[in-house]
Amino acid sequence: MTRPNGSFGVDIIGSGSGLPDTRLTNADLEKVMDTSDEWITKRTGIKERRKADIANGELSSTLAIKALNAALEDAGITKDDLDMILVATMTPDMPTPSVACVVARKIGAGNIAAIDINGACSGFIYTISMANAMIQAGPYKTIAVIGADTLTRYVDYSTEGRTSAILFGDAAAALILRRNDDTSRGLIAHRMHTDGEGSKHLYIPSSEFDIPEDSEYRVEMCNRVQMNGQAVFKFAVSKFQQVIGDTLADAGLTADDVDHFVCHQANSRILDSARDRFGIPSEKLLINIDRYGNTVAASAPLVFTELAKSGRIKPGNKVMFLAFGAGLTWGSSLWQL
Ligand code: UT7
């Protein structure tokens, strides 16, 4: 049997989500840009996404707190049991303090460790593996791992920005990890990768100095998502398949051994390609992009939370978290529950 690697076992003892109330449907987008429900549905699988009310203080940190409180309640523990808060985000409320520090202060978590990790859409997948490493290194016993992003604040809701505007939504989702002495449960294998050469395909410039050499600077580009959709699509299809294959090989498993592929939701066609390649049945790869769009670092934990709430996550399951995104980054984290 494939065993988790480490001196301690680690359990995922709770999960929860924090979603804005405001829904942005394809029909809403049709009113502000040249697009259609038919185009968006066919090319991406998205029907609606959520949008944070930034002007009224709905931020990555407030969504993260909502998600964390739900996860703590689900786990049957309180903030006082936490030793560390890790937040995967590329959209902090401000450059500093981190979202994790804001969350720790606002929930009254005292002087515990709290830090953000920016791995864009792959951020949560990196962070959950890093949380395992912190538990193995000690002395941390209980860690909240949160994915929280409000990328809609960097989206151009005009026809010029339509390629990315239709994709992104805001959300947070949290998992609680806890150390135990039974080493039969926990992280089995993981992968973390980057390809900086591909960074020009997906970025948010702050100034002219951030523009790739082969692109022409326009002031309107600043603080707006710049994406070469086709290049990212090609990268995603190939790396998703490669990282699934590599992680299974590392673990000595086949796709049939995995109960749930908990995937970053970027485009239902990208997920379908992975399903076809490995013969993964639809009940093992939940797609919820129709309701939330691409929620960046919140995407995979949001899928896990939905599976857990509906009773589909069972003790003994093997779960592979997967994502790809800006950086370019991609990775996996395979867990024995
Ligand atoms: O987490 C990582 C984040 N990013 C991604 O995962 C993005 C991956 N890429 C994709 O999902 C797809 O490339 C998109 C959904 C973004 C775009 O789909 P596509 O099939 O690659 O479309 P395209 O960019 O090749 O554009 C095809 C046509 C173009 O028109 P022409 O030149 O053929 O006349 C676009 O101008 O579709 C047009 N188009 C749109 N039409 C209606 C582009 N965006 C839209 C839109 N509504 N929103």
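Predicted model: local features only at pLDDT ≥ 70, side-chain atom pairs only at ≥ 80, totals over all residues.
Visitor: Where should I start with the ligand? Which residues come nearest?

Guide: Start with the shell, the residues around the ligand. There are 22 of them here, and T35, R43, Q230, H264 and N267 come nearest.

Visitor: How does the shell divide by class?

Guide: Sort the residues as nonpolar, polar or charged. This shell has ten nonpolar, eight polar and four charged residues.

Visitor: Which helices supply at least two residues of the shell?

Guide: Look for helix 2 (37–44), helix 6 (162–165) and helix 7 (229–251). Helix 7 gives the largest share, with four residues.

Visitor: And which domains does the shell draw on?

Guide: Domain 1 (9–180) and domain 2 (186–336) each provide at least three of its residues.

Visitor: Now the polar contacts. What should I look for?

Guide: Look for pairs of N or O atoms within 3.5 Å. Take H264: an N or O atom in its side chain is 2.9 Å from an oxygen atom of the ligand. The side chain of W39 also has an N or O atom 3.3 Å from a ligand oxygen. A polar backbone atom of G229 is 3.0 Å from a nitrogen atom of the ligand.

Visitor: Which pocket does the ligand take?

Guide: The ligand takes up the space of the largest pocket.

Visitor: Which peptide bonds are cis?

Guide: One runs from T96 to P97, with omega near 0°. P97 sits in the loop between strand 4 (84–88) and helix 4 (99–107). Another runs from G138 to P139, with omega near 5°. Find P139 in the loop that joins helix 5 (123–137) to strand 6 (142–149).

Visitor: What about phi? Is the phi of A120 positive or negative?

Guide: Positive, at about 50°, although A120 is not a glycine. Look for A120 in the loop between strand 5 (113–117) and helix 5.

Definitions and conventions. Residues numbered from 1 in each chain as written. Heavy atoms only, no water. Near = heavy atom within 4 Å. Polar contact = N/O pair within 3.5 Å; in protein donor to acceptor, adjacent residues only side chain to side chain. 1 Å grid on protein atoms, 1.4 Å probe; cavity = no way out; pocket = protein on both sides within 12 Å on 5 of 7 lines; lining within 4 Å. Sits in = over half its atoms within 2 Å of the grid points. Nonpolar A, V, L, I, M, F, W, Y, C, P; charged D, E, K, R; others polar. Domains from an automatic or database assignment.
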